[in-house]
Amino acid sequence: MATSTDTGPTATRYIAEFKEFLEETWLGYALILPAAILMSVIIIYPTLRGIQLAFFEASLLNPEQQTFVGLQNIAQMIADTTFREALWHTVLLTSVAVSLQYLLGLGLALALKEKVPGAGLFRSLSMITWVLPIIVMVIVFRFMTQSGFGPVNIVLGSLGMETAAWFGRPGVAFPLIVLMHVWRNTPFYAIALMAAMRSIPETQYEAARLDGAGPLQQFRYITLPQISYVSMIMIVLHVIFTFNNFDIVYLSTGGGPLGNTEVLATYIYKQAFQQYAMGYAASIGVAMLLIMMVFTVVYASLEARE
Amino acid sequence: MATETNTRTAESTDRSFADRIDAWLAEDMSPKRALAVYAVIGVYIAFLLLPVAYMMMATFTSPDFLYSPRLVPALGELTLDNYVAVLSTGLFQQYFVNSAIVATSTTLLTLVVGTLAAYSLSRFEYFGRSGLLFSFLGTQMLPRVLVLIPFFLVMFTLGLIDSLLGIIIAHSVLGIPLGTWLLKGYFDDIPRSLDEAAKMDGCSHLDILWRIIVPMSLPGITVAGFYTFILSWNDFLFVSILSQTAATRTLPFGLQLFQSQNTIAWELLLTAATLTMIPVVLLFAVFQQWVVEGLATGGMKGS
């Protein structure tokens, strides 16, 4: 490049540079084009249509015919008790499951980062629940708690306690769903938090010890602040995952018994694909999206302020 | 140690409990501490693995045991009948093949598209670059059920309902954002001086990508590929919408083969579930070191 421009006049040099710049830019766009097209057609366009749909009344059976109804879907949503219950279940499930996952994951991370023999093996074993298909996890839990001869009931029965089909029991189904979320995702927190803890230089702890800080203080003033970024990533990711998750609830209880575990995702699915109320379902989806955006922005700005 | 305690009792009076815990923890790796670590890990691993291990054991037993109020089978009740029955079911074979085709194609498509996109994001400057990455990642936040309704209509228009290609494209789109982001993190770590050197030697951009960037990011490509494969293999929601006949059904959706309205053939369902998870568990076993490391550090890298 340099050799060709040295000899020519300034204008030629500028043109050459501009050409190269254009070529580079063109190639940059060309390389990202396949991804951009796929994303736009399959996800981004449907999302925008979904948001638009929230202001229409439309049936899945006859999608061509759509009537603009303004904010009527939102009014319907506010008056809908099933929606309000589903919203409450979703918020409760998300906050309880994510808190438990974080606390257990933190405890497990503290244990896994210790240099005891065999910890490496445990570290690799623990992630296995995270790769299992959700349907397999649900089948395992349903089998363990089934009414006839599920192992949980065999144990309970031999202790002289009550046996039941626990997924069909109001008051038990919801905690079971929380348990499945915890079972599946806690190891992920543990692995990520452990990696963050290990990247803290040992010298900081040594200095703190010289200053007379005990392990609890070291944890509070050295470990916690330095894992707060990874903690935020983990918590935001899992709040979004749990809040939006459909499979775990739908496959294990389908929202039952008696709507006890109905969450927003399953309610939308039923509205859209069983009641064919596309517009109403879309408006609930938009509400979910707004809640998640507000949550993420607030959390990220709180984290940035610290 | 003694001076340490003295200085802190001066600070506050009700620290004694915390001090006792501190003193206990401060004995660096005493047998007590090692034991505590093992206890925590042991209890947790049992909680994680016992249910799965019990299911796997149950698949090797006859219904005589499975429908009896006993927790441990007798030796005579061990059998491979369930595996013979499930594996010889024609539909199960078909679902398995479908799953393999879909997950493999999804992984390849995502890796090719994602690698090109990540290279573009990592090495080029152009208008809208950060906006693109941001909107890719933003799609991860969308409630899938919201996307699903118009998505169904789009796929219908494109004629991709009830076709494996439609499922492959849908799964790829789910994998591309995180895959691209992970790959970009790995690409960013490769010094640009290598690119420049290759350029001097007359390499084109695609040469650089293929000869330098890709070989040096194999761990990252493995992690992204593994993530995409399990995402596709495990997906239920999109297959349940796109698949209308047995010809396009994959395993997670196909497992209902063994349960009807009122009865569940547990011995077959558990066996089919075990066979469904074996490929992802095997892949995980092979790649776990890279995967665990990549997931642990990926979050920090890409930012």
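The model is predicted, so local features need pLDDT of at least 70 and side-chain atom pairs count only at pLDDT 80 or more, while totals for chains, interfaces and linings use all residues. Residues are numbered from 1 along each chain as its sequence is written, with chains lettered from A and ligands numbered from 1 in the order in which they are written.

Where do the bounds of domain 1 and domain 2 of chain B fall? Domain 1 runs 2–83 and domain 2 runs 86–301. Such bounds come from an automatic or database domain assignment.

Nonpolar covers Ala, Val, Leu, Ile, Met, Phe, Trp, Tyr, Cys and Pro; charged covers Asp, Glu, Lys and Arg; the others, Gly among them, are polar.

Now chain B as a whole. Chain B has 15 helices and 0 strands. Of its 303 residues, 42% are buried. Buried means 20 or more other C-beta atoms within 10 Å of a residue's own, exposed means 12 or fewer, and partly exposed is in between; again the C-beta atoms are placed from the backbone. Take the contacts in chain B between residues at least 6 apart in sequence: 76% of them join residues at least 24 apart.

One residue as an example: B:Ala103. B:Ala103 sits in helix H6 (residues 90–123) of chain B. Is B:Ala103 buried or exposed? B:Ala103 is buried, because 26 other C-beta atoms lie within 10 Å. Setting aside neighbours within four places in sequence, B:Ala103 is in contact with B:Phe229, B:Ser232 and B:Trp233. B:Tyr227 is 124 residues away along the chain, with 11 Å between its C-alpha atom and that of B:Ala103.

Next, the two chains together. The contact takes 82 residues from chain A and 82 residues from chain B. On the chain A side, helix H2 (residues 10–53) gives the most, with 22 residues. That side of chain A divides into 62 nonpolar, 15 polar and 5 charged residues.

On to chain A itself. Its domain assignment gives domain 1 (2–39) and domain 2 (72–305). Taken over C-alpha atoms, the centres of these two domains of chain A are separated by 48 Å.

Strands next. Strand S1 (residues 56–59) and strand S2 (residues 62–68) of chain A pair in the antiparallel sense over 4 bridges. Pairing requires at least two DSSP bridges between the strands. A hairpin joins S1(A) to S2(A) through 2 residues. A:Ser59 stands opposite A:Asn62 in S2(A).

Last, a helix pair. Helix H12 (residues 228–244) and helix H15 (residues 278–305) of chain A pack at an angle of about 170°, with axes 11 Å apart. Axes are lines fitted to C-alpha atoms, for helices over the stretch in contact, and angles run from 0 to 180 degrees between N-to-C directions. H12(A) and H15(A) are therefore roughly antiparallel to each other. The cut-offs: under 35 degrees is roughly parallel, over 145 roughly antiparallel, 65 to 115 roughly perpendicular, and the rest oblique. The contact of H12(A) with H15(A) has 9 nonpolar, 3 polar and 1 charged residues.

Key
Contact = placed C-beta atoms within 7 Å.
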